[in-house]
Structure formats: structure tokens, C-alpha cells
Amino acid sequence: MSAQISRKYLTLDNGGTNTKALLFDDGGRLLAQSSFPTAWIQPAPGMREIDVYALRESLFQAIRDVLGQASLTGNDIDCITCVGHGKGLYVLDRHGRIGRHGIMSTDNRAKDLAVSFERRIEEIYPLSAQHVMPGQAPVLLRWLKDHEPESYATIGSVLSAKDFVRFLLSGDIHQEIGDASGNNLVNLHTRNYDGRLFDFFGIQEMRDCMPDLVESDSIVSRVSQEAAQVTGLRAMTPITGGLFDIDAGTLGMGVLDDSKFAIIAGTWNINVYPAAQPCAPAPGIMNSLFCNHQTLIEASSPTSAGNLDIILPLLIPDRIAQCKAEGISIYAALEEMLSSSLASPSAVVFFPFLYGSNSDPYATGSFLGLDSTTTRDQLITAVYEGIAFAHRQHVEQLQATRQSRPCAMRISGGASNSPAWMQLFSNILNASVQTLQQQESSGLGGAIVSATATHRYESLSEAARCMVGIAHSYEPDVQAVRRYEHKYRMYRNMLSALEGHWGSGMQTTNQHHNHENEVQ
């Protein structure tokens, strides 16, 4: 790197669990960060929405905070990139003003609609190379058309999460093409919207509400005077097209070709690799447009580390409270327990389906194999294992689309902070696992885009080489591989036996329980 003044890049990462403002330099070093929980509301069971006004206030405060932490002013920021959770729905009205609450990607209100559309997937897969998921924008739009027609009629622009954040900073309305393609809105071959997709979902009128498509690493907006006054940023600071979190995380892990898989183990279970072309139709496989004019081959579901956030408070609230009082993370406190459990897996199996499934669409989170001797530690370990098993299912789906095995799996997300869990992943995947020096891979991916868009580096590949570093590598233990191979087969056999039996009976029971809670 030639001697010159270090450049500074701001990434605004609107994730499903936390939203962050992160400052990086052009060497990939994290200079400061400010974060807050992505506070969601639940208007009804299965729904997850965002108060976008509250999001704006918290985000602008985070920008002020991160500038203060780094002792910088807005004049020091060379470029801004917005990153956001993929899928979901954020809308503006016909006057370009904020509309209804945002809808998150983990929202499940349109599950039945998604199932019905997926039964006809052969009609659109040749266009979008996407399967249908409940949290995709066109499915949610159709749900609004059916259930909230007054709200639907006011829609003027359809945005993804990070496009909405860019709008808050600039007032400009664009849709970044990678995000749109992952949302079943774009023909992957023409790289443009396709009216046949809107016809398929029965939302023909929404075609006119789609903003112009932009590229992720192009400068498409600039900070407005209004946003500059309340954030401390410099007016006219350039803003790129940005990235949805899967693209950002993949780029931030330095995975720009098909020699490695990128795995994100956070709220969602994300497993991807870049390829020159979309892959042929295959079960569970999604395709979206990736930077460098590649296609990102993806297998994913909401079956990852987010399950721990629900299970741990149920099983060990006392220990969580103790850790909080002592100022330590409950996950760090569980490291020793998890390390000792690696030597002798129990018979307990956990299906990590608390937010959704990668199996039967009606499957729910479940423990199997309990008896009178089962301990809390065995239950917790089973959750860690079940999440890794769910990732392996997706890795196998990816592997089925290609001939060669990747040389390594690069993992980011909350799970990558646990060495014991990374060893567990290596054993269950029977593969080399690498973690990154910079754990904020999505934020770093945004910085890589900023560095390329402002010509600090000539290409995304060069920027990634200079800004991404490997922290640790884990190799599979031969004996543990054998043990977990047996347990994984047991996990898959149980899933197969339950397929088609989750259905309406359990839904009716849950709906009755929710109704009783509302009455009380």
C-alpha cells in the first residue's frame, strides 16, 4: 500500500438483530462502532415489523456516537455504504414519504401464500432462479393487497432495508440490483425487473412502484443537507448503491470465487459461493446477482444462532442474570461446557426451527431424545449441534450443484466468536473452517465497496486482498467426525420421519393458545 493519508469509510448495517454504525480505514481496521438492538414489534403472532421512525432516530444517534468515539467529524468520512437484511419490505407512499412500518425478513405472516406460490415455482424459476420464501417482498406485497388493501393502495415505492436507510440519508429513491434479485423481483438473465414476475405474484400494479436499479459499488447518492445537520456528516458525502447482508458478509470474508464457501451463522443460516452463472434448478438453492458481475449461489433459512437467543433464557435464566451482573457474556461462560461436550455427544437432538425451517414449512423447534437423566447442558449442547446440522444440510445442497469440494469454509456471524463452536462446525462439516480477523464481516464488506467506489483500490478483489485477514483455522478431528456423522444421520432420519406430520393440528393448538393469551 503506497504511503498516503488513510481514508475513512462509514458502513451503516441494518441487521435483523442489531443495527450498527461502523467506521473502517482503508486497511480494513475497525476504528469505532456504535450499535443498538433492531427493535421489532409484533402486531400479531408471526409478524415482525420495524417502527421506521424509531429506526431513523436510533440510526442518526449511532452515527453521531461513532464519529465522537473516533474523534472524527463528517469531513473525515470519504464514503458511506449502507448494508441491510435481505428480503423484507420497506415502502414509501406516492409522495415519496415514509409509509407503513417496515417488515423484517423473519416475518412469517405470508407463510401459506409462500407455500402456494412455491408449488408453482417452475413458472418463474427460469426467470429469477429463486425459490419463494415468506419474507420476500412480492409475497409480502401480495399479503398486503389481500389483507391491508388501504395500505397497499398508498404504496409509491418499494425498497429493501438498506435502500431505505440510504433514502433516510439522501432523500434519493433507488433499489440496488443484488438485493432486488434476492427478493424475487429481477430476471437474472436480463438484469432488470420482469413483468412476468409481478404477474405471477398477482401484484401487477407494483411494477410501476419499483425504483431505478443501481449497482452496489457505484456512487448513487449523497448525504442531504437535512441529514447532515442531524448526524454530523458532511453534506454531499458520497453514498454507494450498497449491499444486502449476504453479499456484504461474503465480500467481507474475502470470498470472491468458488474455491471457498462463505457461511454466516447469525440470525439466519446463510451458506453461499460465487459462480460465473446461475446454477440449474435444485432443491433449496437460490441465485442472486453478486458484485463483480457474478451470481451468488445460496442455500439459507432462519435456522441459525438466533435459536440460542430464545432457548438460553428458557433454560438458564439464573446463569444469564449472574453473567450480566459479572459483566461477562453468557456465550463466553458456556465455552468450557461446550468444549467438554465435544468429546461425547448425547442422544438429544434439537431442530433449530424457532424462526422457520429448512425442512417442512410447518416444522417447529423441537427437542427429541430426552429421558430422565437428560441435563440442561445436554439440551444446550444439542442446540449448538442442531444449528451446525442445519448448516450442513445447506452445505450439502450447495455441494450438489458442483463437482469439486471447496478448500475451506469461511464463517462469520455470532457463532464465529466461539472457538469450541467453530471446532464443532469443522467436525460436523468435515472441512477446514476459517474465521476472520475482522468479525464485522458485513461492515467490512461495506467498507470494501466504499474503497472501490472511491477508487482507493482498482477492484473489489484488490480491496478484499488488502482489507481481509484470516484469524484462526480449525481442522476436523477424525474421531469426532465419525461420531457426528452418526448423529447427523440420526437427525436427518428423524426429520424425514416427521415430514408432512407437523401440519394443521399443531397450528390450531398454537392459534388457540395465542387467542387465550390475547383474551387474558
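Predicted model: local features only at pLDDT ≥ 70, side-chain atom pairs only at ≥ 80, totals over all residues.
Biologist: How many aromatic pairs does the count come to?
Modeller: The count comes to 17 aromatic pairs. One of them joins Phe261 and Tyr273, with 5.3 Å centre to centre and 15° between the planes, and this pair is stacked.

Biologist: Which strands hold Phe261 and Tyr273?
Modeller: Phe261 belongs to strand β17 (residues 260-265) and Tyr273 to strand β18 (residues 269-275), so their pairing ties together parts that are 12 residues apart in sequence.

Biologist: Is Phe261 buried or exposed? And Tyr273, buried or exposed?
Modeller: Phe261 is buried, at a relative accessible area of 0%. Tyr273 is buried as well, at 5%.

Biologist: Why does the pair of Tyr488 and Tyr491 count as stacked?
Modeller: Their planes meet at 15° and their ring centres are 6.3 Å apart, so the pair is stacked. Both residues lie in helix α19 (residues 478-498), three residues apart, which means about one helical turn separates them. Tyr488 and Tyr491 are both buried.

Biologist: Which cluster do ring pairs link Tyr488 and Tyr491 into?
Modeller: The cluster consists of Phe351, Phe353, Phe389, Tyr484, Tyr488, Tyr491 and Trp502.

Biologist: Back to Tyr273: which charged end sits over its ring?
Modeller: That of Arg402, 4.7 Å from the ring centre. Elsewhere, Arg109 lies over the face of Trp143, 4.9 Å from the ring centre.

Biologist: Turning to helix α15, what span should it have?
Modeller: Helix α15 (residues 376-399) has 24 residues, so at 1.5 Å a residue it should span 34 Å; the end C-alpha atoms are 35 Å apart, which agrees.

Biologist: How many residues of α15 are buried?
Modeller: In α15, 19 of the 24 residues are buried, so to speak mostly covered.

Technical notes
Residues numbered from 1 in each chain as written. Heavy atoms only, no water. Helix = DSSP H or I, 4+ residues; strand = E, 2+ residues; numbered from the N terminus. Expected span 1.5 Å × (residues − 1). Buried < 20%, exposed > 50% of the residue type's maximum accessible area, 1.4 Å probe, protein only. Phe/Tyr/Trp six-rings, centres within 6.5 Å; stacked < 30°, edge-to-face > 60°. Lys NZ or Arg CZ within 6 Å of the ring centre and 35° of its normal.
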